[in-house]
Structure formats: C-alpha cells, structure tokens
Amino acid sequence: DTREARPANQTGVRLELEAEHGSNVRSSTSNWLRYGGSVGGFYDIKNNRTVSLSVTTLFVDPISRDARIPFTEQIILGGSGPMRGYLYGRLTDRSAAIATLKYRWPIWAFLDGTLQVATGNVFGPQLENWKPSLLRLSGAIGIESIGAADHTFELLVGAGSETFEQGGSVDAFRLLFGTNRGF
C-alpha cells in the first residue's frame with residue numbers, strides 16, 4: 001500500500017496477494033490450494049474524499065488428482081469480503097472475479113461516509129464459463145470509522161442482484177453493524 005496514514009493525501013495503489021494450502025486430515029490424497037489477489041487504485045479528490053477502483057480474482061484448485069474441496073473451503077463472496085450487498089455464503093464456487101468502485105468522504109473527526117458498487121460473481125474452476133451476462137451487482141452505503149484500512153467499524157445498508165442474464169433484479173438485502181477487513 002503506497003498511501004500514507006490520514007490526514008495525508010490518500011492517492012496511491014494497493015496490492016494484496018493471498019495463498020493458503022488446505023487438506024483433509026482423513027485422506028492424505030485430498031489437498032487443495034486457495035489463492036488470489038486484488039489490485040486497487042485510489043484517487044484523493046480533495047481533503048480525503050477518495051474514489052477507488054479495485055479488481056479481485058480468487059481461486060481454489062485441487063493439488064491431488066481426486067481431491068474433493070469442501071464447500072466451506074471454496075471461494076465465498078459477501079459478508080465482509082467482496083460483494084458487500086450479499087450475506088456471507090450467498091455466492092460460493094471454485095473461482096471469482098470482482099470489480100469494486102468505492103467513494104469515501106469525511107463526515108466527522110472519526111467517521112467517513114462510504115458508497116460502493118461492485119460487479120462480479122463466482123464461477124467454476126479457473127473462471128470457467130465467465131461471461132458478462134453472468135455478473136451480478138452489489139451496492140452498499142453507510143459509515144465507517146477512520147483507522148487502519150484493514151480493520152474498520154461499519155454501519156452499512158446493502159443490496160445484491162440476480163445475474164444480468166436473469167434480469168438483474170434485486171434479490172438480496174443486508175444490514176451490517178460490525179467490522180470489515182480488506183479493501
């Protein structure tokens with residue numbers, strides 16, 4: 001993350017990579033690898049009024065030939081991760097691609113307003129069958145505490161849609177009072 005702590009200008013870039021090995025302790029031949037990353041650009045319009053765009057891809061792949069990846073170890077969107085308008089676990093599969101546009105502005109000494117919209121979805125192995133018509137929209141508005149970018153207090157109201165192919169109508173609503181991690 002090239003940005004300095006506030007109140008410094010928040011223009012910069014952030015790169016986040018992750019990798020995690022998992023295995024079934026009952027079967028030595030069942031191993032998998034979760035990995036992915038995010039890259040984001042931030043532009044401070046004026047006085048910590050910041051617009052950001054981030055792109056995230058996440059994957060989980062078997063390492064051994066006949067490995068079965070438990071659903072709890074697959075890529076899960078919603079909750080405190082990408083696509084904030086969905087409840088945790090609403091979108092689950094082997095890979096995901098998400099783009100998030102966010103605007104953040106100061107409203108008080110220790111609180112910021114936030115408006116974010118994301119498009120993305122989960123897909124089969126290695127983004128199998130990815131196409132724009134299978135993407136969904138997720139949006140949220142609320143307040144966040146000022147502090148470490150990875151761990152903030154939040155009060156958000158969000159919504160998520162069906163895929164564009166299914167008409168893109170709103171089918172999820174979320175009210176969040178808690179903490180966040182990540183972008």
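## Exercises on strands, rings and a surface patch

Val 55 faces Ala 99 of E6 across a strand pairing. Before you start, note that this is a predicted model, in which local features need pLDDT of at least 70 and side-chain atom pairs count only at pLDDT 80 or more, while totals for chains, interfaces and linings use all residues. Residues are numbered from 1 along each chain as its sequence is written, and side-chain values use heavy atoms, with hydrogens and water left out.

**Exercise 1.** Find which strand is joined to E3 by 10 bridges, and state the sense in which the two run.

*Solution.* 
Step 1: Look at residues 49-62, which make up strand E3 (strands, E, are DSSP runs of at least two residues, and helices, H or I, of at least four, numbered from the N terminus).
Step 2: The partner is strand E6, residues 95-108, and the two strands run antiparallel (strands pair if DSSP finds at least two bridges between them).
Step 3: Now move on to E7, residues 111-123, which pairs with E6 over 13 bridges, again in the antiparallel sense.
Step 4: On this side, Lys 102 has Gln 116 of E7 opposite, and a hairpin through two residues leads from E6 to E7.

**Exercise 2.** How many aromatic pairs does a search of the whole structure find?

*Solution.* 
Step 1: The search gives four (ring centres of Phe, Tyr and Trp, the last by its six-membered ring, within 6.5 Å; planes under 30 degrees apart are stacked, over 60 edge-to-face, the rest tilted).
Step 2: One of them is the stacked pair of Tyr 35 and Phe 59, at 5.3 Å centre to centre with 25° between the planes.
Step 3: Tyr 35 belongs to strand E2 (residues 31-46) and Phe 59 to strand E3, so this pair ties together parts 24 residues apart in sequence.
Step 4: Compare their cover: Tyr 35 is partly exposed at 27% relative accessible area, whereas Phe 59 is buried at 12% (buried is under 20%, exposed over 50%, partly exposed in between, with a 1.4 Å probe and protein chains only).
Step 5: Another pair, Trp 108 with Phe 110, is edge-to-face, with 5.7 Å between centres and 75° between planes. Trp 108 is exposed at 56%, and Phe 110 is exposed at 55%.

**Exercise 3.** Which residues make the nonpolar surface patch of about 810 Å²?

*Solution.* 
Step 1: Select Leu 115, Ile 141, Phe 153, Leu 155, Val 157, Phe 173, Leu 175 and Phe 177 (patch residues have over 30% relative accessible area and no salt bridge; nonpolar side chains, Val, Leu, Ile, Met, Phe, Trp or Tyr, are joined within 5 Å, like charges within 9 Å). A salt bridge here puts a side-chain nitrogen of Lys or Arg within 4 Å of a carboxyl oxygen of Asp or Glu, and areas come from the Shrake-Rupley method with a 1.4 Å probe, only the protein chains shown counting as cover for residues.
Step 2: Strands E9 (152-161) and E10 (170-180) each supply at least two of the patch residues.
Step 3: Check Phe 177, a residue of E10: it is exposed, at 64% relative accessible area.
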